[in-house]
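Here's a quick tour for anyone opening this structure for the first time. Have a look at the picture, then read on.

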Amino acid sequence: MVANPNITDVSVLDDYQPPPSTDTYLGIGHRYLYDAAQSIGEDLGFRLIKNNIEITNKGNRAFISLFFDTGLANLPFMVGVRSCYDKSAKVAIVSGAGIMVCSNLCAWGDMMVFRKHTPNAKDDLKNLIENMKSQAVPRYRSAIHWSNETKKRDLTDTQGKKIIGSALATGLVPHRAFLQAMEHWEKPPFIEFVGERNLWGVYNALTYGVHLTPTNSRLQTAINVTNYIKDIQERNALL
């Protein structure tokens with residue numbers, strides 16, 4: 001069998017074991033959480049097609065994103081993990097059609113689970129994950145429906161630039177992110193967004209620019225951008 005070049009060998013996580021458990025702290029391995037995240041997608045009937053694994057702070061922190069094929073081209077189901085041995089943040093597992101898991105400790109998705117490393121954490125995580133799985137598919141389908149609706153909103157080049165410009169003028173995104181979003185709108189860097197001259201294309205241009213916002217405000221900016229585009233969609237308004 002030929003290895004999938006988009007999937008990093010998960011055994012890299014085995015090199016970083018959690019600290020010993022105590023009466024008040026339960027060590028939960030990066031690999032354990034990776035396997036739990038993978039089971040979410042596979043239990044829903046999806047196939048793993050790509051992963052991203054980032055390990056920082058001498059192995060004490062791991063940030064993981066898994067991408068699953070659902071049969072919908074370019075719209076994978078995603079599961080993310082934030083795992084910190086150094087108690088810098090709770091365990092986080094997020095899922096949906098769009099997620100954010102960053103080394104600045106941001107973790108966000110359509111559905112989110114957070115848990116401290118207390119002695120009963122594994123049992124609680126199992127229950128929380130089961131609840132996530134029970135709602136994941138409807139939430140994912142809702143997100144896909146929204147993306148399809150935004151694709152129906154065709155825009156001229158000028159309309160797209162006005163929407164991005166308004167995001168800058170109202171303080172929604174900083175100037176650097178605005179410039180990146182404008183470049184994305186004019187010439188998308190990814191093949192899947194070429195030809196998307198619609199509200200979906202603008203949304204992806206803005207979210208691409210969000211990655212250049214300061215780390216301490218990146219998550220909130222991403223949420224604000226999503227709400228901004230949703231407001232345009234719901235009001236049937238074009239700038």
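## A residue in the loop

Let's start with F46, which sits in the loop between α1 and β1. This is a predicted model, so keep that in mind as you look around. Is F46 buried or exposed? Its relative accessibility is 14%, and because buried means under 20%, F46 counts as buried.

Who does F46 touch? Leaving out residues up to four places away in sequence, its contacts are G41, F68, D69, T70, F77 and V137. Take T70: F46 and T70 are 24 residues apart in sequence, yet their C-alpha atoms are 5.4 Å apart in space.

Just after α1, G45 has a positive phi of about 90°.

Several residues of α1 are buried, among them L33, Y34, I40 and G41. The buried residues of α1 pack against β1, β2, β3, β4 and α2. The helix α1 lies across β1, β2, β3 and β4, at about 20° to β2.

## The sheet

Now for the strands: 5 of them form an open sheet in the order β1-β2-β3-β4-β7, with antiparallel pairing. β1 and β7 stand at the edges with a single partner strand each, so one side of each has no neighbour in the sheet. On average, neighbouring strands of this sheet are turned by 10° against each other, direction ignored.

β4 and β7 run antiparallel and are joined by 5 bridges. In β7, M112 is the bridge partner of V94. Meanwhile, α2 packs on the sheet, touching β3, β4 and β7, and its direction makes about 175° with that of β7.

Terms used: Residues are numbered from 1 along each chain as its sequence is written. This is a predicted model: local features need pLDDT of at least 70, side-chain atom pairs count only at pLDDT 80 or more; totals for chains, interfaces and linings use all residues. Side-chain values use heavy atoms; hydrogens and water are left out. Buried means under 20% relative accessible area, exposed over 50%, partly exposed in between (1.4 Å probe, protein chains only). Helices (H or I, at least four residues) and strands (E, at least two) are DSSP runs, numbered from the N terminus. Contact means heavy atoms within 4.5 Å. Two strands pair if DSSP finds at least two bridges between them. Axes are lines fitted to C-alpha atoms, for helices over the stretch in contact, and angles run from 0 to 180 degrees between N-to-C directions.
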